[in-house]
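Keep the sequence and the 3D view open while reading. The text goes through the parts one after another.

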Amino acid sequence: MQAFYGYKDGSGEWFIIIDTDRCDGCGRCVAACPANALEVGEDRFDPLSEKPVARVKEGERKKIRYTCAPCRPGYGDAPPPCIAACQPGAISHTEAWQQSYVKK
Amino acid sequence: MAEEIIKEYWRWPEGIWINPDIDREKGGIITAGIDVGSVSSQAVVLVDGELYAFSNTRTGSDSPDSARKALSIAVGEAGLTVDNIDYCIGTGYGRVNVPMAQRTITEIACHARGANFMYGPEVRTVMDMGGQDCKAINCDDKGKVLNFMMNDKCAAGTGRGMEVFADLIRVPVWEIGPRSFQIKKEPPIISSTCVVFAKSEVVGLLEKGVPENDIMAAYCAAMAHRIMELLNRLGVHEKFVITGGIAKNEGVVKRLEKELGVKTAAQVWHNPAYKAYPFDTQIAGALGAALFADSMVSKGKVKSVRKK
(Lines give C-alpha, C1' and ligand atoms only; values in the text may rest on other atoms or scores of the structure.)
Protein backbone atom coordinates (compact mmCIF):
# COMPACT_ATOMS: atom_id res chain seq x y z
CA MET A 1 0.00 0.00 0.00
CA GLN A 2 1.11 3.53 -0.72
CA ALA A 3 0.47 5.50 2.44
CA PHE A 4 0.35 9.24 1.83
CA TYR A 5 1.16 11.25 4.93
CA GLY A 6 0.72 14.98 4.64
CA TYR A 7 -1.72 17.38 3.17
CA LYS A 8 -2.66 19.36 0.13
CA ASP A 9 -3.44 23.05 0.18
CA GLY A 10 -3.26 26.05 -2.12
CA SER A 11 0.55 25.96 -2.08
CA GLY A 12 0.90 22.39 -3.32
CA GLU A 13 0.84 18.74 -2.36
CA TRP A 14 3.05 18.01 0.63
CA PHE A 15 3.24 14.28 1.25
CA ILE A 16 5.70 11.65 2.42
CA ILE A 17 4.79 8.42 0.66
CA ILE A 18 5.64 5.16 2.41
CA ASP A 19 5.22 1.99 0.40
CA THR A 20 4.18 -0.49 3.07
CA ASP A 21 4.69 -3.47 0.76
CA ARG A 22 8.38 -2.61 0.51
CA CYS A 23 8.85 -1.40 4.08
CA ASP A 24 10.23 -4.13 6.34
CA GLY A 25 9.84 -2.18 9.56
CA CYS A 26 13.59 -2.09 10.26
CA GLY A 27 13.37 1.37 11.78
CA ARG A 28 16.53 2.83 10.25
CA CYS A 29 14.54 5.79 8.93
CA VAL A 30 13.29 6.52 12.44
CA ALA A 31 16.85 6.84 13.69
CA ALA A 32 17.90 8.83 10.62
CA CYS A 33 15.16 11.48 10.70
CA PRO A 34 16.59 14.62 12.30
CA ALA A 35 13.10 15.97 12.99
CA ASN A 36 12.05 12.73 14.72
CA ALA A 37 8.91 12.63 12.61
CA LEU A 38 8.83 8.89 11.89
CA GLU A 39 7.98 5.85 13.97
CA VAL A 40 7.50 2.12 13.46
CA GLY A 41 4.24 0.55 14.48
CA GLU A 42 1.08 -1.19 13.46
CA ASP A 43 -0.16 -0.38 9.96
CA ARG A 44 -3.00 2.04 10.64
CA PHE A 45 -4.52 1.53 7.23
CA ASP A 46 -4.53 -2.25 7.27
CA PRO A 47 -5.68 -3.31 10.74
CA LEU A 48 -5.67 -7.00 9.89
CA SER A 49 -1.98 -7.02 8.95
CA GLU A 50 0.46 -7.92 11.72
CA LYS A 51 3.57 -6.52 10.07
CA PRO A 52 4.94 -3.39 11.75
CA VAL A 53 5.71 -0.61 9.28
CA ALA A 54 7.25 2.85 9.30
CA ARG A 55 4.76 5.67 9.52
CA VAL A 56 4.68 9.40 10.08
CA LYS A 57 3.71 10.49 13.57
CA GLU A 58 0.14 11.70 13.76
CA GLY A 59 1.08 15.13 15.07
CA GLU A 60 3.51 15.74 12.20
CA ARG A 61 1.12 15.05 9.37
CA LYS A 62 -0.49 18.47 9.17
CA LYS A 63 2.81 20.39 9.28
CA ILE A 64 4.89 18.01 7.20
CA ARG A 65 5.93 20.76 4.80
CA TYR A 66 7.90 22.52 7.51
CA THR A 67 9.12 19.37 9.24
CA CYS A 68 10.72 18.04 6.06
CA ALA A 69 11.90 21.36 4.62
CA PRO A 70 15.35 21.46 6.34
CA CYS A 71 16.38 18.19 4.64
CA ARG A 72 15.42 19.59 1.23
CA PRO A 73 13.82 16.49 -0.27
CA GLY A 74 14.30 16.26 -4.00
CA TYR A 75 16.98 18.96 -4.04
CA GLY A 76 20.48 18.24 -5.30
CA ASP A 77 22.02 14.79 -5.69
CA ALA A 78 22.03 13.62 -2.09
CA PRO A 79 18.72 12.19 -0.89
CA PRO A 80 17.32 13.26 2.50
CA PRO A 81 18.44 11.08 5.47
CA CYS A 82 15.23 9.00 5.64
CA ILE A 83 15.41 7.98 2.00
CA ALA A 84 19.19 7.34 2.23
CA ALA A 85 18.63 5.10 5.25
CA CYS A 86 15.82 3.09 3.69
CA GLN A 87 17.31 0.00 2.04
CA PRO A 88 14.11 -1.34 0.47
CA GLY A 89 13.47 2.09 -1.07
CA ALA A 90 10.06 2.49 0.46
CA ILE A 91 10.11 6.21 1.22
CA SER A 92 9.56 9.08 -1.19
CA HIS A 93 8.37 12.68 -1.14
CA THR A 94 6.03 14.51 -3.48
CA GLU A 95 7.57 17.07 -5.82
CA ALA A 96 6.30 20.14 -3.99
CA TRP A 97 9.50 20.64 -1.96
CA GLN A 98 11.69 20.28 -5.01
CA GLN A 99 9.58 22.79 -6.88
CA SER A 100 9.72 25.25 -4.02
CA TYR A 101 13.51 25.53 -4.39
CA VAL A 102 13.45 26.31 -8.08
CA LYS A 103 14.30 29.96 -8.56
CA LYS A 104 11.54 31.91 -10.25
CA MET B 1 -41.46 40.39 21.66
CA ALA B 2 -42.57 38.79 18.47
CA GLU B 3 -41.85 35.12 18.29
CA GLU B 4 -39.09 34.40 15.91
CA ILE B 5 -39.37 31.36 13.74
CA ILE B 6 -36.00 29.71 13.44
CA LYS B 7 -35.60 27.25 10.63
CA GLU B 8 -32.53 25.16 10.40
CA TYR B 9 -32.01 24.64 6.72
CA TRP B 10 -28.86 22.57 7.18
CA ARG B 11 -30.64 19.93 9.23
CA TRP B 12 -30.66 16.65 7.32
CA PRO B 13 -32.88 13.74 8.29
CA GLU B 14 -31.40 11.45 10.91
CA GLY B 15 -32.05 7.76 10.63
CA ILE B 16 -32.36 4.47 12.42
CA TRP B 17 -33.09 1.03 11.10
CA ILE B 18 -33.38 -2.47 12.60
CA ASN B 19 -33.23 -5.59 10.46
CA PRO B 20 -36.52 -7.46 10.92
CA ASP B 21 -35.14 -10.65 9.35
CA ILE B 22 -32.51 -11.42 11.98
CA ASP B 23 -33.28 -13.02 15.30
CA ARG B 24 -30.33 -11.95 17.39
CA GLU B 25 -31.12 -14.55 20.05
CA LYS B 26 -29.97 -17.18 17.58
CA GLY B 27 -27.00 -15.15 16.44
CA GLY B 28 -23.47 -15.64 17.68
CA ILE B 29 -21.04 -12.77 17.44
CA ILE B 30 -22.44 -9.29 17.90
CA THR B 31 -20.07 -6.48 16.93
CA ALA B 32 -20.49 -2.74 16.69
CA GLY B 33 -18.76 0.02 14.78
CA ILE B 34 -19.09 3.63 15.82
CA ASP B 35 -18.07 6.42 13.49
CA VAL B 36 -17.89 9.77 15.24
CA GLY B 37 -17.33 12.31 12.50
CA SER B 38 -17.05 16.04 12.73
CA VAL B 39 -20.66 16.54 11.64
CA SER B 40 -22.46 13.21 11.93
CA SER B 41 -22.12 10.07 14.04
CA GLN B 42 -23.15 6.59 13.02
CA ALA B 43 -23.37 3.27 14.79
CA VAL B 44 -23.70 -0.07 13.03
CA VAL B 45 -24.43 -3.38 14.77
CA LEU B 46 -23.67 -6.67 13.05
CA VAL B 47 -24.86 -10.13 14.07
CA ASP B 48 -22.53 -12.80 12.66
CA GLY B 49 -21.35 -10.34 10.03
CA GLU B 50 -24.84 -9.53 8.82
CA LEU B 51 -26.29 -6.03 9.07
CA TYR B 52 -28.55 -5.90 12.10
CA ALA B 53 -29.06 -2.25 13.00
CA PHE B 54 -27.72 1.18 12.22
CA SER B 55 -28.30 4.73 13.32
CA ASN B 56 -27.23 8.02 11.84
CA THR B 57 -27.31 11.12 14.00
CA ARG B 58 -25.72 14.50 14.39
CA THR B 59 -22.48 14.87 16.35
CA GLY B 60 -22.86 17.14 19.34
CA SER B 61 -20.22 19.19 21.07
CA ASP B 62 -19.16 16.16 23.15
CA SER B 63 -17.65 13.21 21.27
CA PRO B 64 -18.23 10.52 23.94
CA ASP B 65 -21.85 11.66 24.24
CA SER B 66 -22.35 11.55 20.47
CA ALA B 67 -20.91 8.03 20.38
CA ARG B 68 -23.17 6.92 23.21
CA LYS B 69 -26.17 8.52 21.56
CA ALA B 70 -25.51 6.88 18.19
CA LEU B 71 -25.01 3.46 19.74
CA SER B 72 -27.92 3.70 22.16
CA ILE B 73 -30.28 4.62 19.34
CA ALA B 74 -29.14 1.62 17.31
CA VAL B 75 -29.01 -0.96 20.11
CA GLY B 76 -31.75 0.47 22.32
CA GLU B 77 -34.41 0.04 19.69
CA ALA B 78 -33.24 -3.54 19.18
CA GLY B 79 -33.40 -4.31 22.90
CA LEU B 80 -29.64 -4.74 23.24
CA THR B 81 -27.24 -3.13 25.66
CA VAL B 82 -23.53 -2.39 25.44
CA ASP B 83 -22.92 -5.52 27.56
CA ASN B 84 -24.30 -7.74 24.78
CA ILE B 85 -21.70 -6.59 22.30
CA ASP B 86 -18.69 -8.82 21.71
CA TYR B 87 -16.41 -6.17 20.33
CA CYS B 88 -16.77 -2.52 19.47
CA ILE B 89 -14.49 -0.43 17.27
CA GLY B 90 -14.41 3.33 17.05
CA THR B 91 -13.51 5.25 13.93
CA GLY B 92 -13.75 8.71 12.43
CA TYR B 93 -12.45 12.07 13.51
CA GLY B 94 -13.53 11.58 17.14
CA ARG B 95 -12.46 7.94 17.42
CA VAL B 96 -10.14 8.49 20.37
CA ASN B 97 -13.17 9.64 22.33
CA VAL B 98 -15.44 6.63 21.97
CA PRO B 99 -15.67 5.30 25.54
CA MET B 100 -17.17 1.86 24.79
CA ALA B 101 -14.80 1.00 21.97
CA GLN B 102 -12.10 -1.59 22.60
CA ARG B 103 -9.89 -0.18 19.89
CA THR B 104 -9.80 2.36 17.10
CA ILE B 105 -9.14 2.10 13.38
CA THR B 106 -8.60 4.96 10.96
CA GLU B 107 -11.64 5.94 8.91
CA ILE B 108 -9.66 5.37 5.71
CA ALA B 109 -9.44 1.62 6.32
CA CYS B 110 -13.06 1.51 7.55
CA HIS B 111 -14.54 3.35 4.58
CA ALA B 112 -12.77 1.09 2.11
CA ARG B 113 -14.00 -1.99 3.96
CA GLY B 114 -17.53 -0.60 4.36
CA ALA B 115 -17.82 0.42 0.71
CA ASN B 116 -16.58 -3.04 -0.28
CA PHE B 117 -19.46 -4.58 1.70
CA MET B 118 -22.07 -2.10 0.50
CA TYR B 119 -21.24 -1.84 -3.20
CA GLY B 120 -19.46 -5.13 -3.76
CA PRO B 121 -15.91 -6.37 -4.37
CA GLU B 122 -15.62 -4.63 -7.77
CA VAL B 123 -15.17 -1.29 -6.02
CA ARG B 124 -11.73 0.17 -6.77
CA THR B 125 -12.04 3.85 -5.89
CA VAL B 126 -13.93 5.16 -2.89
CA MET B 127 -14.48 8.86 -2.41
CA ASP B 128 -15.59 9.66 1.10
CA MET B 129 -17.15 13.08 1.39
CA GLY B 130 -17.18 13.76 5.07
CA GLY B 131 -18.34 16.62 7.19
CA GLN B 132 -15.03 18.44 7.24
CA ASP B 133 -12.70 16.49 5.06
CA CYS B 134 -12.68 14.39 1.95
CA LYS B 135 -10.68 11.30 1.18
CA ALA B 136 -10.00 9.48 -2.03
CA ILE B 137 -9.14 5.82 -1.48
CA ASN B 138 -8.07 3.12 -3.93
CA CYS B 139 -8.72 -0.39 -2.68
CA ASP B 140 -8.56 -4.01 -3.82
CA ASP B 141 -11.29 -6.64 -4.08
CA LYS B 142 -11.18 -7.35 -0.35
CA GLY B 143 -11.57 -3.72 0.63
CA LYS B 144 -7.89 -3.39 1.58
CA VAL B 145 -6.48 0.10 1.08
CA LEU B 146 -3.95 0.40 -1.75
CA ASN B 147 -3.40 4.12 -1.51
CA PHE B 148 -5.28 7.18 -0.44
CA MET B 149 -5.27 10.95 -0.38
CA MET B 150 -6.91 13.04 2.25
CA ASN B 151 -7.81 16.68 2.46
CA ASP B 152 -8.53 17.62 6.02
CA LYS B 153 -6.90 21.02 6.04
CA CYS B 154 -10.02 22.91 5.12
CA ALA B 155 -13.77 22.47 4.74
CA ALA B 156 -13.91 23.44 1.06
CA GLY B 157 -15.82 20.82 -0.86
CA THR B 158 -17.24 19.03 2.17
CA GLY B 159 -20.56 18.42 3.86
CA ARG B 160 -20.25 21.24 6.33
CA GLY B 161 -19.65 23.66 3.46
CA MET B 162 -22.93 22.53 1.93
CA GLU B 163 -24.74 23.02 5.24
CA VAL B 164 -23.38 26.55 5.60
CA PHE B 165 -24.50 27.25 2.05
CA ALA B 166 -28.00 25.83 2.71
CA ASP B 167 -28.42 28.09 5.70
CA LEU B 168 -27.25 31.11 3.76
CA ILE B 169 -29.64 30.77 0.85
CA ARG B 170 -32.41 29.42 3.11
CA VAL B 171 -33.08 26.24 1.19
CA PRO B 172 -33.28 22.84 2.96
CA VAL B 173 -30.04 20.99 2.31
CA TRP B 174 -31.66 17.98 0.58
CA GLU B 175 -33.42 20.26 -1.93
CA ILE B 176 -30.17 21.77 -3.20
CA GLY B 177 -29.34 18.78 -5.43
CA PRO B 178 -32.62 18.58 -7.38
CA ARG B 179 -33.06 22.34 -7.55
CA SER B 180 -29.56 22.88 -8.91
CA PHE B 181 -30.74 21.26 -12.14
CA GLN B 182 -33.75 23.54 -12.58
CA ILE B 183 -31.71 26.03 -14.56
CA LYS B 184 -31.57 27.27 -18.15
CA LYS B 185 -27.81 26.83 -18.52
CA GLU B 186 -24.86 26.02 -16.28
CA PRO B 187 -23.65 29.20 -14.58
CA PRO B 188 -19.94 29.92 -13.97
CA ILE B 189 -18.79 28.11 -10.83
CA ILE B 190 -18.14 29.77 -7.49
CA SER B 191 -14.46 30.63 -7.80
CA SER B 192 -13.46 30.84 -4.12
CA THR B 193 -12.00 27.69 -2.59
CA CYS B 194 -12.52 28.70 1.02
CA VAL B 195 -16.03 28.21 2.43
CA VAL B 196 -15.92 31.61 4.11
CA PHE B 197 -14.95 33.40 0.90
CA ALA B 198 -17.42 31.31 -1.09
CA LYS B 199 -20.11 32.49 1.29
CA SER B 200 -19.22 36.13 0.54
CA GLU B 201 -19.28 35.34 -3.15
CA VAL B 202 -22.76 33.84 -2.81
CA VAL B 203 -24.00 36.90 -0.92
CA GLY B 204 -22.69 39.02 -3.79
CA LEU B 205 -24.56 36.88 -6.32
CA LEU B 206 -27.78 37.07 -4.30
CA GLU B 207 -27.53 40.85 -4.20
CA LYS B 208 -27.00 40.95 -7.92
CA GLY B 209 -30.32 39.17 -8.31
CA VAL B 210 -28.96 35.91 -9.72
CA PRO B 211 -31.69 33.24 -9.40
CA GLU B 212 -31.30 30.95 -6.39
CA ASN B 213 -31.23 27.81 -8.51
CA ASP B 214 -28.33 29.18 -10.53
CA ILE B 215 -26.37 29.88 -7.37
CA MET B 216 -27.01 26.33 -6.18
CA ALA B 217 -25.77 25.00 -9.50
CA ALA B 218 -22.67 27.21 -9.23
CA TYR B 219 -21.94 25.95 -5.72
CA CYS B 220 -22.47 22.27 -6.55
CA ALA B 221 -20.24 22.60 -9.60
CA ALA B 222 -17.53 24.28 -7.51
CA MET B 223 -17.68 21.43 -5.00
CA ALA B 224 -17.49 18.81 -7.75
CA HIS B 225 -14.47 20.59 -9.17
CA ARG B 226 -12.73 20.62 -5.81
CA ILE B 227 -13.24 16.90 -5.33
CA MET B 228 -11.96 16.21 -8.80
CA GLU B 229 -8.63 17.88 -8.05
CA LEU B 230 -8.09 15.39 -5.23
CA LEU B 231 -9.11 12.43 -7.35
CA ASN B 232 -6.87 13.39 -10.26
CA ARG B 233 -3.69 12.78 -8.32
CA LEU B 234 -4.77 9.33 -7.20
CA GLY B 235 -6.50 8.18 -10.36
CA VAL B 236 -10.08 6.97 -10.58
CA HIS B 237 -10.84 3.35 -11.33
CA GLU B 238 -14.19 1.69 -11.83
CA LYS B 239 -16.18 0.76 -9.95
CA PHE B 240 -16.14 4.26 -8.50
CA VAL B 241 -18.35 5.00 -5.51
CA ILE B 242 -18.99 7.95 -3.23
CA THR B 243 -19.73 7.51 0.47
CA GLY B 244 -20.66 10.08 3.08
CA GLY B 245 -23.35 12.72 3.13
CA ILE B 246 -22.51 14.47 -0.14
CA ALA B 247 -23.23 11.23 -2.02
CA LYS B 248 -26.88 12.05 -1.36
CA ASN B 249 -26.58 15.33 -3.24
CA GLU B 250 -27.15 14.56 -6.91
CA GLY B 251 -26.22 18.13 -7.84
CA VAL B 252 -22.62 17.40 -6.85
CA VAL B 253 -22.50 13.72 -7.84
CA LYS B 254 -23.81 14.22 -11.41
CA ARG B 255 -21.54 17.18 -12.03
CA LEU B 256 -18.55 15.22 -10.73
CA GLU B 257 -19.41 12.31 -13.02
CA LYS B 258 -19.56 14.68 -15.94
CA GLU B 259 -16.25 16.32 -15.13
CA LEU B 260 -14.45 13.02 -14.51
CA GLY B 261 -16.12 11.15 -17.33
CA VAL B 262 -16.65 8.25 -14.93
CA LYS B 263 -20.03 7.11 -13.63
CA THR B 264 -20.55 6.38 -9.97
CA ALA B 265 -22.04 3.00 -9.11
CA ALA B 266 -25.76 2.83 -8.30
CA GLN B 267 -26.54 3.20 -4.62
CA VAL B 268 -27.90 -0.28 -4.03
CA TRP B 269 -26.72 -3.11 -1.78
CA HIS B 270 -24.38 -5.51 -3.51
CA ASN B 271 -25.87 -8.44 -1.60
CA PRO B 272 -29.21 -9.26 -3.29
CA ALA B 273 -30.64 -10.40 0.05
CA TYR B 274 -30.29 -6.81 1.27
CA LYS B 275 -32.38 -5.39 -1.56
CA ALA B 276 -35.24 -4.28 0.65
CA TYR B 277 -32.98 -2.70 3.25
CA PRO B 278 -32.44 1.06 3.30
CA PHE B 279 -29.17 2.23 1.74
CA ASP B 280 -27.45 5.01 3.63
CA THR B 281 -24.14 6.20 2.18
CA GLN B 282 -23.22 7.77 5.50
CA ILE B 283 -22.86 4.49 7.40
CA ALA B 284 -19.89 3.18 5.37
CA GLY B 285 -17.31 4.07 8.03
CA ALA B 286 -19.20 2.57 10.96
CA LEU B 287 -20.06 -0.48 8.88
CA GLY B 288 -16.39 -0.99 8.03
CA ALA B 289 -15.45 -0.74 11.71
CA ALA B 290 -18.11 -3.31 12.65
CA LEU B 291 -16.87 -5.63 9.89
CA PHE B 292 -13.29 -5.35 11.15
CA ALA B 293 -14.55 -6.16 14.64
CA ASP B 294 -16.41 -9.17 13.29
CA SER B 295 -13.41 -10.59 11.46
CA MET B 296 -11.12 -9.96 14.42
CA VAL B 297 -13.42 -11.76 16.84
CA SER B 298 -14.25 -14.64 14.52
CA LYS B 299 -10.58 -15.20 13.68
CA GLY B 300 -9.76 -15.19 17.36
CA LYS B 301 -7.42 -12.22 17.05
CA VAL B 302 -9.12 -10.43 19.90
CA LYS B 303 -11.09 -11.61 22.90
CA SER B 304 -14.79 -11.00 23.20
CA VAL B 305 -15.69 -8.58 25.97
CA ARG B 306 -19.31 -9.65 26.12
CA LYS B 307 -20.70 -9.62 29.65
CA LYS B 308 -24.04 -11.34 29.06
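This is a predicted model: local features need pLDDT of at least 70, side-chain atom pairs count only at pLDDT 80 or more; totals for chains, interfaces and linings use all residues.

A crossing of two helices is called right-handed if the near helix is turned clockwise from the far one by less than a right angle, and left-handed if it is turned anticlockwise. By this rule, α5(B) and α6(B) make a right-handed crossing.

Helix α5 of chain B covers residues 195-208, which is 14 residues. From its first C-alpha to its last it reaches 20 Å, close to the 20 Å expected at 1.5 Å a residue. Just after α5(B) comes B:G209, with a positive phi of about 90°. The axes of α5(B) and α6(B) are 11 Å apart, and the two helices pack at an angle of about 155°. Angles over 145 degrees count as roughly antiparallel, so α5(B) is roughly antiparallel to α6(B).

Which residues of α5(B) and α6(B) meet? From α5(B) they are B:A198, B:V202, B:L205 and B:L206, and from α6(B) they are B:I215, B:Y219 and B:A222. By class, this contact of α5(B) with α6(B) has seven nonpolar residues, no polar ones and no charged ones. An α-helix has 3.6 residues a turn, so residues three or four places apart point the same way.

Helix α6 (residues 212-234) of chain B also meets helix α7 (residues 250-260) of chain B. Here the axes come within 8 Å and cross at roughly 50°. That angle makes α6(B) oblique to α7(B). The crossing in which α6(B) passes α7(B) is right-handed. On the α6(B) side the contact includes B:M216, B:C220 and B:L231, and on the α7(B) side it includes B:V252, B:R255 and B:E259. The residues of this contact of α6(B) with α7(B) are eleven nonpolar, two polar and two charged.

The loop between α6 and β10 (240-244) of chain B holds B:K239. The peptide bond that joins B:E238 and B:K239 is cis, with omega about 5°. Chain A has a backbone feature to look at as well. A:R72 has a phi near 50°, which is a positive value in a residue other than glycine. The place of A:R72 is the loop between α2 (64-68) and α3 (81-85) of chain A. Most residues other than glycine have a negative phi, and most peptide bonds are trans.

Next comes the sheet of chain B. How many strands form this open sheet, and in what order? There are six, in the order β1-β4-β3-β2-β5-β6, and their pairing is mixed. At the edges are β1 (15-18) and β6 (103-104) of chain B, each of which pairs on one side only. Strand β5 (residues 87-91) of chain B runs parallel to β6(B), and two bridges join them. In this part of the sheet, B:I89 stands opposite B:R103 in β6(B). Helix α1 (residues 63-77) of chain B lies across β1, β2 (30-36), β3 (40-47), β4 (50-58) and β5 of chain B. The helix runs at about 135° to β4(B).

Another helix pair in chain B is α2(B) and α8(B), which pack at an angle of about 90° with their axes 7 Å apart. They are therefore roughly perpendicular to each other. Among the residues that meet are B:A109, B:H111 and B:F117 in α2(B) and B:L287, B:G288 and B:F292 in α8(B). The contact of α2(B) with α8(B) divides into eleven nonpolar, four polar and two charged residues.

The last topic is the contact between the chains. Chain B gives 16 residues to it and chain A gives 14 residues. On the side of chain B that touches chain A, α2 (107-119), β9 (145-151) and α8 (284-298) of chain B each supply at least two residues. Which element gives the largest share of that side of chain B? It is β9(B), with six residues. By class, the side of chain B that touches chain A has eight nonpolar, five polar and three charged residues.

Notes:
Residues are numbered from 1 along each chain as its sequence is written. Chains are lettered from A and ligands numbered from 1 in the order in which they are written. Axes are lines fitted to C-alpha atoms, for helices over the stretch in contact, and angles run from 0 to 180 degrees between N-to-C directions. Helices (H or I, at least four residues) and strands (E, at least two) are DSSP runs, numbered from the N terminus. Angles under 35 degrees count as roughly parallel, over 145 as roughly antiparallel, 65 to 115 as roughly perpendicular and the rest as oblique. Two residues are in contact if their C-beta atoms, placed from the backbone, lie within 7 Å. Ala, Val, Leu, Ile, Met, Phe, Trp, Tyr, Cys and Pro count as nonpolar, Asp, Glu, Lys and Arg as charged, and the others, Gly among them, as polar. Two strands pair if DSSP finds at least two bridges between them. The expected span of a helix is 1.5 Å times one less than its number of residues.
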